[in-house]
Protein chains: 2
Amino acid sequence: MAELAATPTPPYWAVVFTSLRTSVEEGYALTADRMVELAAQQPGYLGIESARGADGLGITVSYWSSLEAIAAWKAVAEHGVAQRAGFQRWYRAFTTRVARVERDNHFERR
Amino acid sequence: MAELAATPTPPYWAVVFTSLRTSVEEGYALTADRMVELAAQQPGYLGIESARGADGLGITVSYWSSLEAIAAWKAVAEHGVAQRAGFQRWYRAFTTRVARVERDNHFERR
């Protein structure tokens, strides 16, 4: 069951990763799942939300307590290996944006 | 064909809207398409990226030149009508986050 990330009161940081895939499937799903698992173990990790539509556009937003936490996640060796495979095989194009969340608003149906 | 948003050099602003839908389909797709069209006509609009996965989690990120542009878009009457319908019918839960994009990085396969 999909869930929205339960993030703390702002400010905190978001990494917005939007991508278009190649047709190469080999290794992709396993690695993507592993990166979600690995990110969740990092200091300063606050949550993740991810979706890929039928048109092939994917968006993953991960939330972090600080820029230092984002830098540390970027420096994790296994993450680097996955990123290189992404460049070489899995992505046709992507954009990574680092953004400071200034305010948020949550609604939940009772 | 899906496309990534072609945003300018940071800083600029992102509105990250993540949601879980109810099972109510009536009016949803038409209104969602109309909101994308209407947003693109607003001053300060820089682009939009949207995806909904098979698990029902949706992410829409719209990009804006300033907080004032976001406030003006929020105040558009037709947008308000759509938001109320979202509360009442289409969304089980959602989070809206307003974030300042501090840096970005783009890759495109040749």
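User: How many residues does the contact take from chain A and from chain B?
Analyst: In this predicted model, the contact takes 49 residues from chain A and 49 residues from chain B.

User: What area is buried between the two chains?
Analyst: About 4,000 Å² is buried between chain A and chain B, and carbon and sulfur atoms give 57% of that area. On the side of chain A, the residues that lose the most area to chain B are Arg97(A), Phe107(A) and Arg109(A), which together make up 17% of what that side buries.

User: How many salt bridges are there between chain A and chain B?
Analyst: The count is two salt bridges. In one of them, the side chain of Arg97(B) meets that of Glu49(A), at 3.3 Å from N to O. There are also 33 residue pairs in polar contact between the chains.

User: Which element gives the most to the side of chain A that touches chain B?
Analyst: Strand S4(A) gives the most, with 18 residues.

User: Changing topic, what does helix H3 of chain B reach from its first C-alpha to its last?
Analyst: Helix H3(B), residues 77-90, has 14 residues and reaches 19 Å, close to the 20 Å expected.

User: Which of its residues are buried, and what covers them?
Analyst: The buried residues of H3(B) include His79(B), Ala82(B) and Trp90(B). Their cover includes strand S1, helix H1, helix H2 and strand S4 of chain B.

Key
Residues numbered from 1 in each chain as written. Chains lettered and ligands numbered in written order. Predicted model: local features only at pLDDT ≥ 70, side-chain atom pairs only at ≥ 80, totals over all residues. Heavy atoms only, no water. Helix = DSSP H or I, 4+ residues; strand = E, 2+ residues; numbered from the N terminus. Expected span 1.5 Å × (residues − 1). Buried < 20%, exposed > 50% of the residue type's maximum accessible area, 1.4 Å probe, protein only. Contact = heavy atoms within 4.5 Å. Buried area = accessible area lost by both parts, 1.4 Å probe. Salt bridge = Lys/Arg side-chain N within 4 Å of Asp/Glu carboxyl O. Polar contact = N/O pair within 3.5 Å; in protein donor to acceptor, adjacent residues only side chain to side chain.
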